[in-house]
Amino acid sequence: MSLVYLSFLTVPVVYIIVSFILLRKPVWIHKRHRPAFIVRNIAHRGGAAESIENSLLAFDKGLSNGVEMLELDCHLTKDDQVVVHHDFAINRTTGQNGFIRDMNYDDLPMINSSIQLYYEPSTTITCDDVTKTDGLLRIPLLKDVFERYPTTPINIDVKENNDELIRQISKLVQDYNRQHLTYWGSFNHNTCKKLSAQNPRIVRFCSMKEAAGIVLSYWFGLLPFIPLQAGAFEVPIPGEVFRKTTANLTFKFRIMYYFAERALNNRKMFKHLQRRGIPVYVWILNNNEEFEYAFKKMSVTGVMTDYPTRLQTYLTSFKHDFFLN
């Protein structure tokens, strides 16, 4: 009986010790990912608070101000053209009604020179000089983005669970030889599975379901033992954008979000993923206090922001050691 009791105690103790060791030394059992690039300053929609979101104008401005990776969103038009646009509808960005999926590309209107900031409708984002846009406010084709920025890392959020959209994006990435310069993914787990099946050579960021699974496995001590398919961990850190977009939620839901955020954002978990060669990118942070929290307290790899110029100013004053250490 005493031997059985001793064995009963020994197994969980050994499990805890091994889990603790592998949390810090994951390469003992996992092959380390070797990402082709590592970035710190990621322009969310090209820098949605500094220029007209998801436009060549915004991408040009961001890259001239220190942006290291562009984050953008893709949809498919009626005539099967992959376009860069966040919303399913065009009313907020063009002032006209309609859905991208119901329109041919040539029929899409120009983006307005002044649009509402997506998380704060009372704020208007305006072009510095409309006369110098030179067609840069046309809803861009993904191929136009690839042609204009051939060496710039790009993070693609696939907005629809659409087989043709997935196939077209994969083909464009291959045609422009960008498999080493591209991340893609979706919140939707089924879409992410299709992305991996379509082209496993393109690094895919985790779905929300995968992120939740990683968090749960971390808190149960299982994460060090589990192989991970996603090559990048992209998750939210609630900040200014979160507070403004959830202001109308009930107290119950705000409490749920609070505890979810505390479980999700954990420095030790982030460091474990980085030791496995999986960069940790967080969104959407827009001020120095949030940047400081992400880089210094949470030790993230990079930040997605609507204010890339502001983030670049912060980074020039802060020596950030990449996750490779």
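**Close-up views of a predicted model**

View 1. L142 touches L72, C74, V82, V83, V84, I156, I169 and L172, leaving aside residues up to four places away in sequence; contact means heavy atoms within 4.5 Å. This is a predicted model, in which local features need pLDDT of at least 70 and side-chain atom pairs count only at pLDDT 80 or more, while totals for chains, interfaces and linings use all residues. Residues are numbered from 1 along each chain as its sequence is written, and side-chain values use heavy atoms, with hydrogens and water left out. The largest nonpolar core has 60 residues, of which L72, L142, I156 and I169 touch the most other members. Such a core is a set of buried Ala, Val, Leu, Ile, Met, Phe, Trp, Tyr and Cys residues joined through side-chain atoms within 4.5 Å. Another core, of 30 residues, lies apart from it; V215, F233, V235 and L264 are among its members.

**View 2. The whole protein.** The secondary structure comes to 12 helices and 11 strands. Helices (H or I, at least four residues) and strands (E, at least two) are DSSP runs, numbered from the N terminus. Of the 325 residues, 52% are buried. Buried means under 20% relative accessible area, exposed over 50%, and partly exposed in between (1.4 Å probe, protein chains only). Among contacts between residues at least 6 apart in sequence, 69% join residues at least 24 apart.

**View 3. Helix α2 and its packing.** Helix α2 spans residues 56-64, and its buried residues are L56, L57, A58, F59 and G62. They pack against β2 (69-76), β3 (82-84) and α4 (142-148). G66 follows α2 and has a positive phi, near 100 degrees.

**View 4. Helices α7 and α10.** Helix α7 (residues 208-219) packs with helix α10 (residues 267-275) at an angle of about 110 degrees, and their axes are 11 Å apart. That makes α7 roughly perpendicular to α10. Axes are lines fitted to C-alpha atoms, for helices over the stretch in contact, and angles run from 0 to 180 degrees between N-to-C directions. Angles under 35 degrees count as roughly parallel, over 145 as roughly antiparallel, 65 to 115 as roughly perpendicular and the rest as oblique. I214, V215 and Y218 in α7 meet K268, M269 and L273 in α10.

**View 5. Strand β11 and its partners.** In strand β11 (residues 302-305), G302 and M304 point one way, V303 and T305 point the other way, and all are buried. Strand β1 (residues 41-44) runs parallel to β11, joined by 3 bridges. N41 stands opposite V303. Strand β10 (residues 280-283) also runs parallel to β11, with 2 bridges. Y281 has G302 as its bridge partner. Two strands pair if DSSP finds at least two bridges between them.

View 6. Most residues other than glycine have a negative phi, and most peptide bonds are trans. N54 is not a glycine, yet its phi is positive, about 55 degrees. N54 sits in the loop between β1 and α2 and is buried, with a relative accessible area of 2%. D80 also has a positive phi, near 65 degrees. D80 lies in the loop between β2 and β3 and is partly exposed, with a relative accessible area of 34%. The peptide bond from W283 to I284 is cis, with omega near -15 degrees. I284 belongs to the loop between β10 and α11 (288-297).
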